[in-house]
Amino acid sequence: MTLAVLHYHFRPGGVRRVIENGLPALVAEGCVSRVVMAAGEAPDAEWRRKLEATLHPCGVEWLIEPSLGYWSEQSLPASAVRTAVRAALQRITTGDSVLWAHNLSVGRNMILAQEVAATAGPVWLHHHDWWWDGRWERWPEMEGQGIGSLSDAMAATLSEGGGGGVRHFCINADDARRLREWTGGAFHFLPNSVSPEPVTLVDAEAAREFLRRVTGRESWWLYPCRGLRRKNIAEALLVQRCLAPDAVTVTTGGASSAAEREYFATLTSVAERHGWPLRAGVCADGSSPPVSHLLAAADAVVVTSLREGFGLPYGEAAGRLLAARIPSGLDETLQATGFTFRNGWKELRVPPGAFDSGAETARTAAGRLRLLEFLPAELHQVAAHWPAEGLESPDFGALSLTAQLEVLSQPVTELRRDFLARNPALRVPLSPQPPASKMMSPQEWARALFNAARQPAATVKMDRIEQFLAPALDHWQRHPLLWGSPPPLP
């Protein structure tokens, strides 16, 4: 059996971690004799070498074709991209191959999603994220690829009308259940597996020395993430300053794409100018210790994402001190994996006067009007009923980056006093996070995937798309950080 692994790229991040964690188990469980790694750009040489060594003696081939990457990074017209995508897929889906395609559901290349949907033969669609969850700014991008309606987008994402060889796997149980109910299709819940990497005392001390060198501090709160707006990095900094003022917040990845660069640059430049304890992107240049070593070296782990299927850092923080926002839509996943947050919050209330509420009201009102300009026409009526948000004591995650930075500009003693008084969840001393009691090992995970893949497929058909999307649209409009409107430097 040949297993073709398809993703836009193999940059550091959650999807790459799922692949490197699960692929060896799939190779062993499925008697895979050949692996083809296909992406829009080549990975770094060290990661490639380690992956090949992990899979040995299974042969590994690489297909690097730019047309498989993000649409925002394409230089050719849509027709030429489609031709190149089709040719690449023909090369990796021949004979006894199974195509394991990752995160086409995030909508970064809808031509690729359409062509995969039209592919004959076994296809495993592994859904990590969705374009309808806080990514509406990409709609004009989709239209530029020939997506003319929500029906077109949904058909490409869910392989509507595809053959019986398509299987859907969701990392979030709520997503899998809702999609089963709305489409009649078979969507399997496949939670991320966690494979703890042993870290020696020598490795941990080397990581601590690295962190001392790049931060000038002796205490570190680690957020394993790339510089994505939805990661809400300013909140991680806020929580660290309130709970551990002598520490520094450290993130691992840099800006993940061109769409995130202005957000990442604004956040980091303002933090540097004000002397805030933030050191972002320590792994971006490839010279850092592995993330597992940094986790062992850190005093605590902090995770503040506004939206997650169920990210790996939660599971990888087992045994560590973890401070975490609990994103909406995780209830079923947490129950299924046996995960209990020791130190978590749904929201963090902001004191009055911590930011310019008048300016924020004007910003969000203007932003909502701008959003209507690029939402698909089918959603204009739904969006017209958006309620106005009150700003008397809003959740920090419901603020724009500009307002978040204004909050962080408050004197740290006042910041700590006000936030600890308003948010009791932050007053509890952190305790080690227990492991998720039902989370699968990579071997169990691989068996679950193969068992699901053997089950009969069901035809997928999405009706009442506007009603299905309304909850996600409502969540998105409540979080200006997700809108992609770069703020001015305060």
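Before going on, the conditions. The model is predicted, so local features need pLDDT of at least 70 and side-chain atom pairs count only at pLDDT 80 or more, while totals for chains, interfaces and linings use all residues. Residues are numbered from 1 along each chain as its sequence is written, and side-chain values use heavy atoms, with hydrogens and water left out.

Now the aromatic pairs. Rings of Phe, Tyr and Trp (its six-membered ring) pair if their centres lie within 6.5 Å; planes under 30 degrees apart are stacked, over 60 edge-to-face, and the rest tilted. Searching the whole structure gives 19 such pairs. One of them is F10 with W62, edge-to-face, at 6.0 Å centre to centre and 85 degrees between the planes. This pair links distant parts of the chain, 52 residues apart: F10 is in the loop between β1 (2-6) and α1 (14-29), and W62 is in strand β3 (residues 59-64). Helices (H or I, at least four residues) and strands (E, at least two) are DSSP runs, numbered from the N terminus. F10 and W62 are both buried, where buried means under 20% relative accessible area, exposed over 50%, and partly exposed in between (1.4 Å probe, protein chains only).

W100 and W445 have ring centres 6.0 Å apart and planes at 50 degrees, so that pair is tilted. Here 345 residues separate the partners, with W100 in strand β4 (residues 97-102) and W445 in helix α18 (residues 442-453). W100 and W445 are buried too. Elsewhere, ring pairs join W130, W131, W132, W136, W139, W182 and F468 into a cluster.

Next, the sheet. Seven strands form an open sheet in the order β3-β2-β1-β4-β5-β6-β7, with parallel pairing; two strands pair if DSSP finds at least two bridges between them. Direction ignored, neighbouring strands are turned by 20 degrees against each other on average.

How many bridges pair strand β5 (residues 123-127) with strand β6 (residues 166-170)? Five, in the parallel sense, and H126 has F169 as its bridge partner in β6. On the β4 side, β5 pairs in parallel over four bridges, with V123 as the bridge partner of L99. Five of the five residues of β5 are buried, so this strand is largely enclosed by the rest of the structure. V123, L125 and H127 point one way, W124 and H126 the other.

Last, helix α17 (residues 412-422). Its residues L415, F419 and L420 are buried. Seen down the axis, the buried residues fall within an arc of 110 degrees, so they line one face of α17; the arc is that of the directions from the helix axis to the C-beta atoms. They pack against α9 (233-243) and α16 (401-408), contact meaning heavy atoms within 4.5 Å. T413, R417 and A421, on the other side of α17, are exposed.

Key:
Axes fitted to C-alpha atoms, helices over the stretch in contact; angles between N-to-C directions.
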